[in-house]
Amino acid sequence: MAKVPVQFTLNGAEKAEFIDSGTTLLNTLRDKIGDTSPKGGCHQGTCGACSVIINGELRLSCLTLAETCNGAAITTTSGLSEGGVLHPLQRAFLDAFATQCGFCTPGMIMAAKVLLDQTPNPSREDVVEALSGNICRCTGYEPIIQAVLTAARSNSQNAA
Amino acid sequence: MALALQTFSTVKDANAALKAAGTRYLGGGTLVVRAANEGDVSVSGFVRSTEPSLSAITVSGGKVSIGASVTMAAIARHRDLAPLARAARAVGGPAIRNMATVGGNLFAPAPYGDFTVALLALDASVSTNGGDLPIETFLATRESHHAIITAVGFSLPLEGGFRFLKVSRVKPKGVSVLSIATVLEQAPDGTVSSARIALGCMADRPMRAKAAENALLGRKLTSDGIAPALAVASEGTSPVTDPIASAWYRNEVLPVHLGRLLLA
Ligand SMILES: Cc1cc2nc3c(=O)[nH]c(=O)nc-3n(C[C@H](O)[C@H](O)[C@H](O)COP(=O)(O)OP(=O)(O)OC[C@H]3O[C@@H](n4cnc5c(N)ncnc54)[C@H](O)[C@@H]3O)c2cc1C
Ligand code: FES
Ligand code: FES
């Protein structure tokens, strides 16, 4: 089958690839581009491990066809740290033991980032709602919720 | 195996491409890409249209038109569609709502289709390039429906006239045990003058509770007033049995939840 071109920015860098038509964004990111931060947990939309941010919105890369992302700005967890310094959310996840096996973590961080971008001072309820499409089998969720609230507080302190 | 995607700028051209065997229209993909990922061999290719009208919401003179590609998230945040926000937010988690379209929801089998339950209560019309269909006719024949849905239309309900409830076991996001939408009008003395009640998960697709609708007419929304409607709420239902709930359970709890919604 003839390959089709796709072109988008990934964490600020231009990417252009030829892919098989109908390839999911998850497979394109992981297998073609080599960004393995989005994880394939279920490929059914139920676990959230593949979550990425497309044009500012949280999306499931396992159910998104890469061709529909032409021209889009895509953010993944691998693009968050700057010059080796972890993003406040990454720092908070580590400090709060919000990551154990780590499989859900990149998806959780994407969901949390969209929340904090839109709601810098979220309530606990806002956090629970924002993470409601993401499954974690290790932590019991509480440390993740606390990490997101901590990152929000440290963001607002830095801003003050 | 990857399935080729064909993108067309017009609905007309996309409709023509959909005539090929094995092709499926791609909305947000939350059901159809999932099916492909699971190895559904009946899907051999995707077709979509990027015609701008598919993504438009228009509200004028109390009439609403929502393009088929509009997502649940877009409905939930639209100022003029506030009464429907609850129903749109009932669909999946945040990422699903950013992807799930109105058009796709119309085809979602139980236990999905929560937003379509709202559309059924609102007596929506379902539009294609070939014309409009009442939603009940569309739902009854949706398997044989191959033309692209372009939009849904309905009259905005009067203030407080529309109610929606989704019952799920996992909070805040879970698949429906059942969902209920009602559009009620009341006479000045408080008695119900018209009622439409739509149910989700009480059959393989959204259905109306016609016996309960009739039993509500002329009654007040009090425990005594709604009792006859609750007694017949399960008439005509054939709920799904799935890992969320059995058909028996769904029938048992329907009157309880309908009662809560009517008295809310
Ligand atoms: C984890 C998860 C949770 C979910 N939770 C819910 C929930 O709580 N409530 C709920 O209602 N649903 C839920 N769903 C199901 C689904 O996300 C929604 O029903 C959604 O609205 C489907 O829309 P879509 O655009 O993604 O459909 P798609 O997958 O794109 O399409 C579904 C079907 O409709 C057809 N179709 C789509 N658009 C059109 C059109 N314009 N014209 C003609 N045919 C069309 C497609 O060909 C396909 O057969 C969930 C799904 C997942 C994966
Ligand atoms: S891999 Fe996409 S939601 Fe699980
Ligand atoms: S840390 Fe293991 S799944 Fe969340």
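This is a predicted model: local features need pLDDT of at least 70, side-chain atom pairs count only at pLDDT 80 or more; totals for chains, interfaces and linings use all residues.
**Ground rules.** I treat local features as needing pLDDT of at least 70 and side-chain atom pairs as counting only at pLDDT 80 or more, while totals for chains, interfaces and linings use all residues. Residues are numbered from 1 along each chain as its sequence is written, chains are lettered from A and ligands numbered from 1 in the order in which they are written, and side-chain values use heavy atoms, with hydrogens and water left out.

**Domains.** I looked up the domain assignment of chain B, whose bounds come from an automatic or database assignment, and found domain 1 (4–49), domain 2 (52–155) and domain 3 (163–263). Taken over C-alpha atoms, the centres of domain 1 and domain 3 of chain B are separated by 35 Å.

**Ligand 1.** I find ligand 1 between chains A and B. Counting a residue as near if one of its heavy atoms lies within 4 Å, I note 32 residues around the ligand, of which Y25(B), G28(B), T30(B), T101(B) and D114(B) come nearest.

For polar contacts I took pairs of N or O atoms within 3.5 Å; within protein, one must be able to donate a hydrogen and the other to accept it, and residues adjacent in sequence count only if both atoms are side-chain atoms. An oxygen atom of ligand 1 is 2.7 Å from a polar backbone atom of L31(B), and an oxygen atom of the ligand is 3.0 Å from a side-chain N or O atom of N105(B). By the Shrake-Rupley method with a 1.4 Å probe, the protein covers 95% of the 980 Å² of accessible area that ligand 1 has on its own.

Taking helices (H or I, at least four residues) and strands (E, at least two) as DSSP runs numbered from the N terminus, I see that α6(B) gives the most to the shell, with 3 residues.

**Sheet.** With strands paired if DSSP finds at least two bridges between them, I find an open antiparallel sheet of 4 strands in chain B, ordered β9-β10-β11-β12. Its edge strands, each pairing on one side only, are β9 (162–168) and β12 (207–208).

**Aromatic pair.** Rings of Phe, Tyr and Trp (its six-membered ring) pair if their centres lie within 6.5 Å, with planes under 30 degrees apart counted as stacked, over 60 as edge-to-face and the rest as tilted. My search of the whole structure gave 1 aromatic pair over all chains. The ring centres of F107(B) and F138(B) are 5.3 Å apart and their planes stand at 90°, so the pair is edge-to-face.
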